[in-house]
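Subject: Structure handover

Hi,

Here is the structure for your work.

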Amino acid sequence: MKPLKAINDLFRHNEPLEPEISKVFQDFLARGWYVLGAEVTAFEREFAAYCGTEYALGVANGTDALELALRTAGVEAGDRVALVANAGGYGTFAVNAIGAVPVYVDVDAFSLNMDVLALERALQASSISAIIVTHLYGRLANIEEISRLARDKGVKLIEDCAQAHGALRDGKKAGSWGDLATFSFYPTKNLGALGDGGALTMNAPDVAERAKQLRQYGWTQKYRSTVIGGRNSRLDEVQAAILRVKLPYLDRWNARRRAIFDLYGKLLRHPQITLPAPCGPDHVGHLYVIRCGQRDSLSAHLRTMQVPHDIHFPVPDHRQEMFNGRFAADILPVTESACNEVLTLPCFPEMTDEEVEWVSQHVNQWEA
Ligand SMILES: *Cc1c(COP(=O)(O)O)cnc(C)c1O
């Protein structure tokens, strides 16, 4: 076995698609249309059908998608947005970009997704304009309960599906519950472009129309900027064409990620390590994240053994230096301990069983 290069080896992922992708580039050059064209429109139609939503709109990346979702939902400077602090900071960046205020909600220890009771308390304690719920590591949050709360309180709901393309519960896919949902097609995501890309999904025609205007200078007609908050965030034709090649493979890739998840669950045995809960159809195995109280020691061991690993994510949003303490949070005990304990092991669709066994052996051999 050759050494594993990364927790997610993108070369091994994309290389088998070389004939299809080369054809995309040839056709793209021959067509001579580069931004928001026929490929984007076709991808939007196919991706909406895949997600089970009425509309999908391509944008430049997943963080822009979050910002545009907030703007589309009518969130304004000074408004309060409920979200988690353990999901990489993307939601906070979007909230910060429009001058809104993040209200951090703790996560539950089982899934590390938004805790419904904590959300309920946050909604009671102050006026909240919108909720961003992240389906972290590929596992759907308790989206039914969260949608019910949002509906009862008249609060807009945005699903961040950047790690959960295709996650399915009771026949509904990630991105089909919220008023709006956001996706990233960053190369490491379950559906990844060969560069940056993102999308919004929604069901209401007026919401789709507004988001479409906001992504292109607030235009209601060419060169007529009307909608406040309009900006430029578009998906490239070539990325849309590549995403169209890849979308038909997504379910197979997700199934393989789940199989890797199950295999780790069978092979990993260590008294100092907590494994993630098993994964069903509502989890697309984006990241295999274990928890360990002596993470530094485990990480040093894995580094010595040349086992690729990473930490998603080490710093909760309210402690990021760039926010300079402005986004102080109430005590978030589960979030804080998770940030100190999580460690991500390799998981990508082309990973072999032998490689999963090799990683597992090295983890099991760690002497705490
Ligand atoms: C990757 C990611 C994003 C941001 O996507 P970009 O395309 O990198 O801007 C947002 N939310 C989550 C949960 C992500 O994992």
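Below are the ground rules, then the domains, the interface, the ligand site and the salt bridges.

This is a predicted model: local features need pLDDT of at least 70, side-chain atom pairs count only at pLDDT 80 or more, and totals for chains, interfaces and linings use all residues. Residues are numbered from 1 along each chain as its sequence is written, and side-chain values use heavy atoms, with hydrogens and water left out.

Domains

The chain splits into domain 1 (10-248) and domain 2 (250-364). These bounds come from an automatic or database domain assignment. The C-alpha centres of the two domains are 23 Å apart.

Interface

Contact here means heavy atoms within 4.5 Å. On that rule, 42 residues of domain 1 touch 42 residues of domain 2. Together the domains bury about 3,500 Å², with 57% of it on carbon and sulfur atoms. Buried area is the accessible area (1.4 Å probe) that two parts lose on being put together, summed over both. On the domain 1 side, Arg12, Tyr137 and Asn190 lose the most area to domain 2, together 22% of what that side buries.

Two salt bridges cross between domain 1 and domain 2. The rule asks for a side-chain nitrogen of Lys or Arg within 4 Å of a carboxyl oxygen of Asp or Glu. Glutamate 355 and arginine 12 form a salt bridge through their side chains, at 2.9 Å, N to O.

Ligand site

Residues near the ligand (a heavy atom within 4 Å) include Gly62, Thr63, Tyr90 and Ser184.

- Asparagine 61: 3.4 Å from a ligand oxygen.
- Aspartate 160: 2.7 Å from a ligand nitrogen.
- Lysine 189: 2.7 Å from a ligand oxygen.

Salt bridges overall

The structure holds 17 salt bridges. One of them joins the side chains of arginine 244 and glutamate 39, at 3.0 Å, N to O. Arginine 244 sits in helix H9 (residues 237-246) and glutamate 39 in helix H3 (residues 38-51), so the pair ties together parts 205 residues apart in sequence. Helices (H or I, at least four residues) are DSSP runs, numbered from the N terminus.

Best wishes

Notes
Polar contact = N/O pair within 3.5 Å; in protein donor to acceptor, adjacent residues only side chain to side chain. Helix = DSSP H or I, 4+ residues; strand = E, 2+ residues; numbered from the N terminus.
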